[in-house]
Amino acid sequence: MKWGDSRGVQMYNQLLTAFDELCQEGRFAANVKRAWQLFQAEAVQKITVYSKNMINGIVKDIELHAVVIDSENIRYSSCTCHHSEFCEHIGALFFQYCKGLENGKVLAEQAYFQLLGVTRASKFIKPSDSELLINQNTNPAELFRLMHEQYGDDWKKCKHSFHPLSQTLTSIKGLAKDSPFEVQQLHWCASTLYVLYLGERALQASDSFSRYYHEMTFKRIAEPWIANLNDLLTEIKSSELQTFQLAWVKQLLAFVYECAAKSEKPTIEWDYIHYHLISLLAGNADQEHEFITLFIRRLDAEQGPYMRNMLYGSLAALKLYAGEDKEAISYIEQCQFEKVQRLIYPYVESKMLEQRWDKVQLWMDMLLQHFTNGNNLRSVGPFLALCRKASQLQPEDDRWQAIMLMLLPHSYSALAEHYAAHGKYEAWADLQMYMGRKPEDFKGNELQSIEKHAPEVVLPMYHQAVEAAIHTRNRQGYRTAARHMKKLQALYEQLGKQMTWDRYFEAMQLKYSRLRAFQEELLKGKLM
Ligand SMILES: [Zn+2]
């Protein structure tokens with residue numbers, strides 16, 4: 001039995017949409033499952049399609065039930081069991097109807113999964129009028145409308161996993177498989193943003209118990225997408241935008257802004273995506289003017305801290321990439337630092353590589369002030385990395401090292417690494433002494449390379465450590481002292497200063513002659 005004409009397909013879509021609405025949020029899930037069992041057990045004994053919207057049939061459960069489905073007005077459907085709006089018999093009859101269509105088994109299965117809320121199905125029969133040839137003339141807003149229409153419900157597939165979104169991403173990207181490369185790039189950005197939006201939509205629907213877990217999984221799956229998006233945007237930025245590209249970028253900006261405004265606690269960093277997008281318009285005076293006006297107008301109306309931050313950050317990004325550093329800094333000072341900092345570091349580094357030390361100085365001053373002003377030192381790492389970079393590029397200028405010294409003790413490891421990497425062994429050793437580090441505090445080979453390159457600089461540290469160990473006045477301490485002395489002996493030998501060692505050893509024996517246990521350890525350590 002087939003009702004596989006175009007009318008049949010239309011009715012299928014209509015029914016699926018209507019039942020889907022009825023079964024939202026897992027309502028009737030048990031009935032849907034039971035309906036599927038009945039359908040598979042061939043419980044539907046009779047089915048008639050009549051008029052242009054009616055189906056009726058007989059379903060044999062424990063008793064026989066007469067079922068009527070009205071596809072135009074789903075709530076007028078009825079069953080003699082009178083159990084609910086959507087009973088297992090109505091469901092079974094619906095699946096039976098699906099089966100009668102062309103490719104019916106697949107359609108029935110799809111309908112089943114969709115009603116359970118685990119998959120999208122209505123798009124299985126692709127409406128041909130929505131085929132869109134994506135090229136330079138495509139209106140990007142039209143594309144977003146199409147994505148909404150065809151994929152807007154895909155977040156519902158993500159009840160247990162976000163992996164279905166990979167498929168969605170692939171199929172959306174596929175829409176542009178025959179498009180010119182410049183269009184493809186932008187379309188891929190749009191696809192990625194859309195899928196990120198779907199993921200966040202799914203997260204919002206998840207209950208608070210599993211929310212944390214879902215957030216983690218989503219972040220993990222979204223990470224490579226975002227990295228890819230950033231790569232694409234960087235590629236696009238590298239050449240001047242053509243008119244059609246401009247239209248796309250504006251559409252993407254509008255979409256991202258909307259996503260950010262919609263979600264209360266976004267998981268996706270829409271703000272940083274917005275910064276990247278807006279930076280594509282920097283250098284185009286008309287666009288800059290348009291967007292600065294727009295953002296300032298929005299700031300007047302916007303109260304939420306997340307959105308205000310994003311707007312100030314976007315203004316900063318525009319100014320920064322337009323080369324107006326002072327203006328950029330003044331906007332950044334309006335922001336919560338954590339929400340813009342990643343905009344700053346790569347920019348400053350690029351200015352270092354361009355030898356624009358005037359600009360570098362402006363930003364480093366701002367950063368230093370930020371970090372010396374308060375308790376933000378936990379995130380000082382990237383700033384210290386910039387200091388190291390600057391110091392490496394300008395070895396003759398010690399102001400960058402001076403900054404690092406100012407930020408001790410937080411800058412300790414950055415500074416130590418920097419000194420060691422640049423052969424500044426004396427400064428390295430001073431730093432260790434200043435920090436009160438003992439030889440036993442170092443990991444495995446950390447000291448070895450210094451001892452190899454500059455044995456003399458570690459001598460004071462060992463001498464100090466010997467005294468400290470003896471002052472513990474216990475066996476363990478004496479043992480440690482003896483071990484350090486053994487090391488000193490080797491170092492003096494390496495330096496060809498046997499005499500100095502002998503004099504030191506004699507003096508030590510004399511000084512601590514009363515400590516018998518210490519003497520014993522020296523003996524055991526074969527120092528005597
Ligand atoms: Zn029933």
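pLDDT is the predictor's confidence in each residue, on a scale from 0 to 100. This is a predicted model, in which local features need pLDDT of at least 70 and side-chain atom pairs count only at pLDDT 80 or more, while totals for chains, interfaces and linings use all residues. Residues are numbered from 1 along each chain as its sequence is written.

**Confidence**
- The protein has an average pLDDT of 88, and 96% of the residues score at least 70.
- Over residues 121–130 pLDDT stays under 50, and for this stretch the model has 15 contacts beyond four places in sequence, a contact being two residues whose C-beta atoms, placed from the backbone, lie within 7 Å.

**Helix α12**
- Helix α12 covers residues 305–321, where helices are DSSP runs (H or I, at least four residues) numbered from the N terminus.
- Because 12 of its 17 residues are buried, α12 is largely enclosed by the rest of the structure; buried means that 20 or more other C-beta atoms, placed from the backbone, lie within 10 Å of the residue's own.
- The buried residues, among them Met310, Leu311 and Tyr321, pack against α9, α10, α11, α13 and α14.
- Just after α12, Gly323 takes a positive phi of about 85 degrees.

**Helices α14 and α15**
- The axes of α14 and α15 (residues 357–373) come within 8 Å and cross at roughly 150 degrees, the axes being lines fitted to C-alpha atoms over the stretch in contact, with angles running from 0 to 180 degrees between N-to-C directions.
- That makes α14 roughly antiparallel to α15, a term for angles over 145 degrees.
- Ile344, Val348, Lys351 and Met352 in α14 meet Lys359, Val360 and Trp363 in α15.

Notes: Helices (H or I, at least four residues) and strands (E, at least two) are DSSP runs, numbered from the N terminus. The expected span of a helix is 1.5 Å times one less than its number of residues. Angles under 35 degrees count as roughly parallel, over 145 as roughly antiparallel, 65 to 115 as roughly perpendicular and the rest as oblique.
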